[in-house]
Amino acid sequence: MEQAVSSHIFERIGYLTLNRPEKRNALNQEMVSEMRSIFSEFETDDAVKVIVIRAEGKVFCSGADLASLQQLQSNSFEENLADSNHLKELFQQIYTSQKVVIAQVQGHALAGGCGLVTVCDFAYAVPEAKFGYTEVKIGFVPAIVKVFLLRKIGEGKAKQLLLGAELLTAKEAQDFGLINWLTEADQLEQSVYDFAQKLITQNSGVAMGMTKQMIAEVQEMSLEAGLSYAAEMNAKARESQDCKQGISAFLNKEPLIW
């Protein structure tokens with residue numbers, strides 16, 4: 001039996017692939033568990049500098065699968081809370097990863113699938129892909145993704161997407177700031193690979209990780225607290241081996257490949 005999520009490492013890119021195309025890569029508890037496990041492995045593996053989330057089949061991810069939705073109807077509050085926390089921890093793991101995470105979206109990304117794209121740092125998508133948070137149409141709420149979506153695109157745009165619950169074209173999703181680039185299907189994999197390699201060879205992994213951490217943490221701070229935190233992180237970065245190596249190469253006009 002094939003795994004619902006597969007992974008491999010190629011040239012410092014950790015690929016996490018959703019592998020239930022016959023179920024439109026719909027999420028269930030087992031898939032979320034497998035994704036969390038793979039992310040934990042990638043996070044601590046020095047052979048991985050950038051992580052790519054992608055999917056097999058025509059659909060990137062259609063959200064929760066039917067069996068999971070049916071189970072919700074008979075779950076206790078405690079069971080539903082545990083299930084919600086499980087997904088929350090995956091999204092938090094992706095968002096706070098010290099490594100850059102890129103979504104490679106080859107098809108529709110809906111509800112929880114759209115949430116998965118939202119928590120990534122960057123997203124490439126094919127023009128044919130549709131995006132949307134459709135939860136309120138079935139009396140559900142886009143609770144967890146909302147925390148990240150507000151940070152990503154702001155309250156006004158988030159309300160339009162979460163309350164309107166309409167499907168967006170890939171171009172509209174790009175205009176909203178959900179995805180970064182549109183790429184034709186036959187160029188998608190190469191475009192993501194090329195961008196990942198640019199990050200890998202051009203930028204310090206330590207510096208990218210610290211920058212991600214600061215972006216995540218500073219938004220909830222007061223101006224004074226945020227600036228104090230920034231100054232401390234600035235000083236901390238200067239002590240890193242990457243910074244010393246980078247400044248030395250810059251001053252000596254030496255080529256630097258990370």
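Start by selecting G57, which sits in the loop between β3 (50–55) and α2 (66–72). Helices here are DSSP runs of H or I with at least four residues, strands are runs of E with at least two, and both are numbered from the N terminus. G57 counts as partly exposed, at 41% relative accessibility. On this tour, buried means under 20% relative accessible area, exposed means over 50%, and partly exposed is in between (1.4 Å probe, protein chains only). Show what surrounds G57: leaving aside neighbours within four places in sequence, it is in contact with P21 and Q106, where contact means heavy atoms within 4.5 Å. Now draw a distance from G57 to A111, 54 residues apart along the chain: their C-alpha atoms are separated by 18 Å.

A word on what you're looking at: this is a predicted model, where local features need pLDDT of at least 70 and side-chain atom pairs count only at pLDDT 80 or more, while totals for chains, interfaces and linings use all residues. Residues are numbered from 1 along each chain as its sequence is written, and side-chain values use heavy atoms, with hydrogens and water left out.

Most residues other than glycine have a negative phi. Select R24, in the loop between β2 (13–18) and α1 (29–44). R24 is not a glycine, yet its phi is positive, about 55°. Its relative accessibility is 44%, so R24 counts as partly exposed. Next pick A165, in the loop between α6 and β8 (168–169). A165 has a positive phi too, near 55°, but this residue is buried, with a relative accessible area of 1%.

**Inside helix α5**

Select residues 143–153, helix α5, and colour V145, F148, L149 and I153, which are buried. Why are they on the same side of α5? They cover an arc of only 110° around the axis (the arc of the directions from the helix axis to the C-beta atoms). What lies over these buried residues? The cover includes α3 (77–95), α4 (112–118), α6 (155–164) and α7 (170–176). Step off the end of α5 and you land on G154, with a positive phi near 90°.

While α6 is in view, click on L163, which lies in that helix. L163 counts as exposed, at 64% relative accessibility. Not counting residues up to four places away in sequence, L163 touches V136 and A158.

**Salt bridges**

A salt bridge is a side-chain nitrogen of Lys or Arg within 4 Å of a carboxyl oxygen of Asp or Glu, and by this rule there are seven. Let's visit some of them.

- Select R36 and E89: their closest N and O atoms are 2.9 Å apart. R36 is in helix α1 and E89 in helix α3, so this pair ties together parts that are 53 residues apart in sequence.
- Select E189 and R54, which meet at 3.6 Å, N to O. E189 is partly exposed at 49%, whereas R54 is buried at 14%.
- Select D121 and K212, with the closest N and O atoms 2.8 Å apart. D121 is in the loop between α4 and β6, and K212 is in helix α9 (residues 205–218), 91 residues apart.

**Aromatic pairs**

Now show the rings. Those of Phe, Tyr and Trp (its six-membered ring) pair if their centres lie within 6.5 Å; planes under 30 degrees apart count as stacked, over 60 as edge-to-face and the rest as tilted. How many aromatic pairs does the structure hold? There are eight. Zoom in on F10 and Y193: the ring centres are 6.1 Å apart and the planes are at 35°, so the pair is tilted. F10 is in strand β1 (residues 5–10) and Y193 in helix α8 (residues 185–202), 183 residues apart.

Then go to F122 and F195, whose centres are 5.0 Å apart with planes at 80°, so this pair is edge-to-face. F122 belongs to strand β6 (residues 122–125) and F195 to helix α8, so the pair ties together parts that are 73 residues apart in sequence.
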